[in-house]
Amino acid sequence: MSTQDELASIPGLAYMDGKYLPLAEATIPIADRGFLRSDITYDAIHVWKGRIYRLREHIKRFRASMTGLRMDLALTDDEISEILVDLVRRTGYRDAFIMVMCSRGIQPPGTRDPRLCRNRLYAYVQPFLWIANEEQRRRGLKMVLAKTQRIPSEALDQRIKNFHWLDLTMSLFEAYDRGAEVTILPLADGTVTEGPGFNVFFVKDGVLVTPDRNIFEGITRRSVIEIAGDLQMRCEIRAVRGAELSAADEIFTATTAGGITPVTEFEGRPIGDGKPGPITARIRDEYWRRHDDETLSTAVSYE
């Protein structure tokens with residue numbers, strides 16, 4: 001497939017540093033530090049039935065990531081939100097995936113001083129994306145514990161959403177080599193963190209557990225913790241070891257790109273009876289039901 005054919009197959013609309021254009025035509029300057037040095041932060045958001053889920057919280061987190069990387073935009077949070085809502089409106093998509101990014105920008109010739117860059121806003125909207133295909137969502141994902149370690153928060157605070165994905169990407173090759181589909185990455189001390197683009201929960205004896213450190217604190221993760229509280233289900237947020245996942249009754253992932261997805265195989269062995277579990281299903285159903293709550297979402301006016 002030619003480059004032109006690859007680009008033509010990408011649906012969606014982009015906002016690139018002040019300009020709207022088809023996503024297939026969106027580019028960033030090759031000298032942008034976001035490309036050269038992965039000097040960029042982002043947030044991923046979704047639209048469901050014409051409403052943007054937890055937009056205010058996503059923008060608040062996006063702002064916190066910019067602050068953590070000492071970036072700033074000449075835009076208020078409301079103005080960023082308006083750009084994203086307008087992007088969705090222009091596409092007409094009722095179910096969509098939004099990426100919003102702040103890049104360090106282009107440094108002047110003869111210096112590597114990041115303070116001299118003008119930070120840039122990039123964003124795009126595509127039709128809704130699922131982290132797992134329909135079959136995987138039905139029967140559950142196959143997961144392994146990666147040998148590749150997660151970048152420690154002592155090096156880069158993982159609460160800052162970033163594109164330093166090579167540890168996550170290399171772990172995926174491990175999964176594919178071992179006949180699996182996704183991974184969870186460990187730290188040097190043997191505790192586990194997260195997977196490529198998702199948080200992880202497991203259930204043991206009716207108790208919900210999720211790792212507490214060196215993770216990106218996802219909005220979907222937050223929703224699951226809130227749901228557990230509303231369902232009067234005990235939820236422990238603590239250090240987790242791989243052996244606990246092996247002994248779990250249920251495992252599931254939580255992500256903006258698809259919500260709640262069951263994991264039914266870990267390290268080549270079935271979890272529980274090898275089928276998606278009842279607690280996973282209950283939380284998944286409640287998660288999607290909350291998308292109808294107008295206090296948790298922002299309506300898009302398509303008129």
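## A tour of rings and a helix pair

Begin by selecting R90 and Y20, where R90 lies over the face of Y20 at 3.7 Å from the ring centre (a charge sits over a ring if NZ of Lys or CZ of Arg is within 6 Å of the ring centre and within 35 degrees of the ring normal). The model is predicted, so local features need pLDDT of at least 70 and side-chain atom pairs count only at pLDDT 80 or more, while totals for chains, interfaces and linings use all residues. Residues are numbered from 1 along each chain as its sequence is written, and side-chain values use heavy atoms, with hydrogens and water left out.

Next, select R137 and W130: R137 lies over the face of W130, at 4.0 Å from the ring centre.

A search of the whole structure finds eleven aromatic pairs; rings of Phe, Tyr and Trp (its six-membered ring) pair if their centres lie within 6.5 Å, and planes under 30 degrees apart count as stacked, over 60 as edge-to-face and the rest as tilted. One of them joins F201 and F252, which are stacked at 5.2 Å centre to centre with 10 degrees between the planes. This pair links distant parts of the chain, with F201 in strand 9 (residues 199-204) and F252 in strand 12 (residues 250-255), 51 residues apart; helices (H or I, at least four residues) and strands (E, at least two) are DSSP runs, numbered from the N terminus. F201 is buried at a relative accessible area of 0%, and F252 also counts as buried at 0%, where buried means under 20% relative accessible area, exposed over 50% and partly exposed in between (1.4 Å probe, protein chains only).

Now move to Y287 and W288, whose ring centres are 5.1 Å apart and whose planes stand at 75 degrees, so the pair is edge-to-face. Both Y287 and W288 are buried.

Finally, select helix 3 (residues 55-68) and helix 4 (residues 77-91), which pack at an angle of about 120 degrees with their axes 10 Å apart. The contact (heavy atoms within 4.5 Å) is made by L55, I59, F62, R63 and M66 of helix 3 and D77, I80, S81, L84 and V85 of helix 4. Zoom in on S81 in helix 4, which is buried with a relative accessible area of 14% and touches L55 and I59, not counting residues up to four places away in sequence.

Terms used: Axes are lines fitted to C-alpha atoms, for helices over the stretch in contact, and angles run from 0 to 180 degrees between N-to-C directions.
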